[in-house]
Amino acid sequence: MPSKKTVLVTRRLTPSVEARLARDYDARLNPADEIYAPDKLAAAAQGADALLVAATDNVGPAVIAKLPDSVRAIATFSVGYNHIDIEGCKKRGICVTYTPDVLTDATADLTMLLILGAARRAGEGERMVRNGEWAGWAPTQLLGTHVTGKTLGILGMGRIGRAVADRARGFAMRIHYSNRKRLPADQEKGAVFHADPEAMLKQADILSINCPATPETTRFLDARRIGLMKDGAIVVNSARGAVVDDHALIAALRAGKLASAGLDVFDREPDLEPAYRGLANTFLLPHLGSATIETRDGMGNKCVDNLDAFFAGRTPPDRLV
Ligand code: DGY
């Protein structure tokens with residue numbers, strides 16, 4: 001029997017995924033779930049054949065440069081991979097895999113929660129009830145924005161953006177989108193394509209950010225572009241905090257230019273810009289997009305499927321490089 005491959009698993013995963021890892025690998029688990037500092041990550045990888053990391057790990061150029069030669073594969077427990085130096089991995093011949101598809105529905109569901117929560121002032125209402133401040137029903141209490149029939153602008157029409165569009169159609173919303181490429185008609189399903197994302201911003205009553213963080217999208221939503229949006233529009237982000245200029249968004253929420261924002265992701269999580277917490281018109285969640293048991297099991301199993309394929313000499317199904 002060949003000896004088991006050693007996998008450094010940087011975060012605590014669901015019980016069934018950890019059981020599978022412990023059965024099939026020499027798995028270095030992290031029951032305390034403490035995040036490895038970048039220098040500790042490279043040190044902990046000594047003797048490992050593979051890493052199973054998450055979006056909370058910094059696997060940037062400094063870490064990749066220090067990884068021992070034994071590490072031949074990195075499976076990330078995420079669909080986003082902006083935390084990994086992909087070019088560095090390519091140069092070192094390290095295979096990188098990710099977890100597309102399995103988190104599409106959960107993240108799209110969560111995006112609808114952000115849209116509804118921000119539009120219908122759910123955070124304010126919940127706090128009012130919880131804090132014993134609710135004096136009873138009133139005709140003008142916590143009036144929000146009607147969602148049905150409104151125009152939803154989707155920035156990034158990949159798997160998740162398209163799943164958000166499918167859900168929003170159930171609310172009779174008109175879909176406009178901007179994407180690097182126009183979608184084929186069977187995926188577009190009548191949505192209006194804007195090659196210029198700024199043209200889409202002008203149309204949107206609600207903007208949903210569903211694109212990855214790349215050099216092109218970083219700080220996309222800045223003060224100038226918010227200025228192009230309709231007065232009283234709503235912004236939701238379930239993708240990456242880096243796509244938004246926090247100071248510009250906060251200023252627009254304070255000034256009433258934007259009615260509200262629903263945010264599940266932040267730059268430098270969990271140290272979000274403190275002003276967000278003080279604003280009544282923000283609906284804030286702690287990066288819960290893929291947080292269902294089914295999805296997290298699916299993500300973990302995808303990581304292990306990819307590692308199994310790699311060590312069996314097959315091409316991993318979700319190989320990035
Ligand atoms: C992802 O998969 O990229 C999500 O943000 C969770 O990490």
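In this predicted model, strand β1 (residues 6–9) and strand β3 (residues 50–53) pair in the parallel sense over three bridges. These two strands belong to an open sheet of five strands, and a second open sheet has seven strands.

**The five-strand sheet**

- Strands of a sheet pair through backbone hydrogen bonds, either parallel or antiparallel.
- The strand order in this sheet is β2-β1-β3-β4-β5, and the pairing is parallel.
- Strands β2 (26–28) and β5 stand at the edges with a single partner strand each, so one side of each has no neighbour in the sheet.
- On average, neighbouring strands of this sheet are turned by 20° against each other, direction ignored.
- Within the pairing of β1 with β3, residue V9 stands opposite L52 in β3.
- Helix α13 lies across β1, β3, β4 and β5, and α13 runs at about 160° to β4.

**Helix α1 against helix α13**

- Two packed helices are described by the angle between their axes and the distance between the axes.
- Helix α1 (residues 15–24) packs with helix α13 (residues 293–311) at an angle of about 20°, and their axes are 8 Å apart.
- Because angles under 35 degrees count as roughly parallel, α1 is roughly parallel to α13.
- The crossing in which α1 passes α13 is right-handed.
- On the α1 side the residues that meet α13 are S16, V17, R20 and L21; on the α13 side they are R296, D297, G300, N301, V304, D305 and D308.
- By class, this contact of α1 with α13 holds three nonpolar, three polar and five charged residues.

**Helix α5 against helix α7**

- The axes of α5 and helix α7 (residues 159–169) come within 8 Å and cross at roughly 50°.
- Helices α5 and α7 are therefore oblique to each other.
- The crossing of α5 and α7 is right-handed.
- Helix α5 contributes T104, D105, T107, A108, D109, T111 and M112 to the contact, while helix α7 contributes R159, I160, A163, V164, R167 and A168.
- The residues of the contact of α5 with α7 divide into six nonpolar, three polar and four charged.

**The seven-strand sheet**

- The order of the seven strands is β8-β7-β6-β9-β10-β11-β12, with parallel pairing.
- The edge strands are β8 (192–193) and β12 (282–284), and each pairs on one side only.
- Strand β7 (residues 174–178) pairs with β8 in the parallel sense over two bridges.
- Residue Y177 has F193 in β8 as its bridge partner.
- Helix α11 (residues 246–255) packs on this sheet and touches β10 (233–237), β11 (258–263) and β12. The direction of α11 makes about 135° with that of β11.

**Aromatic pairs**

- A pair of aromatic rings is described by the distance of the centres and the angle of the planes.
- A search of the whole structure finds five aromatic pairs.
- In the pair of Y81 and Y98, the ring centres are 5.7 Å apart and the planes stand at 85°, so this pair is edge-to-face.
- Residue Y81 lies in the loop between β4 (73–76) and α4 (86–92), and Y98 lies in the loop between β5 (95–97) and α5 (104–119), so the pair ties together parts that are 17 residues apart in sequence.

Notes
Residues are numbered from 1 along each chain as its sequence is written. This is a predicted model: local features need pLDDT of at least 70, side-chain atom pairs count only at pLDDT 80 or more; totals for chains, interfaces and linings use all residues. Side-chain values use heavy atoms; hydrogens and water are left out. Two strands pair if DSSP finds at least two bridges between them. Helices (H or I, at least four residues) and strands (E, at least two) are DSSP runs, numbered from the N terminus. Contact means heavy atoms within 4.5 Å. Axes are lines fitted to C-alpha atoms, for helices over the stretch in contact, and angles run from 0 to 180 degrees between N-to-C directions. Angles under 35 degrees count as roughly parallel, over 145 as roughly antiparallel, 65 to 115 as roughly perpendicular and the rest as oblique. A crossing is left-handed if the near helix is turned anticlockwise from the far one by less than a right angle, and right-handed if clockwise. Ala, Val, Leu, Ile, Met, Phe, Trp, Tyr, Cys and Pro count as nonpolar, Asp, Glu, Lys and Arg as charged, and the others, Gly among them, as polar. Rings of Phe, Tyr and Trp (its six-membered ring) pair if their centres lie within 6.5 Å; planes under 30 degrees apart count as stacked, over 60 as edge-to-face and the rest as tilted.
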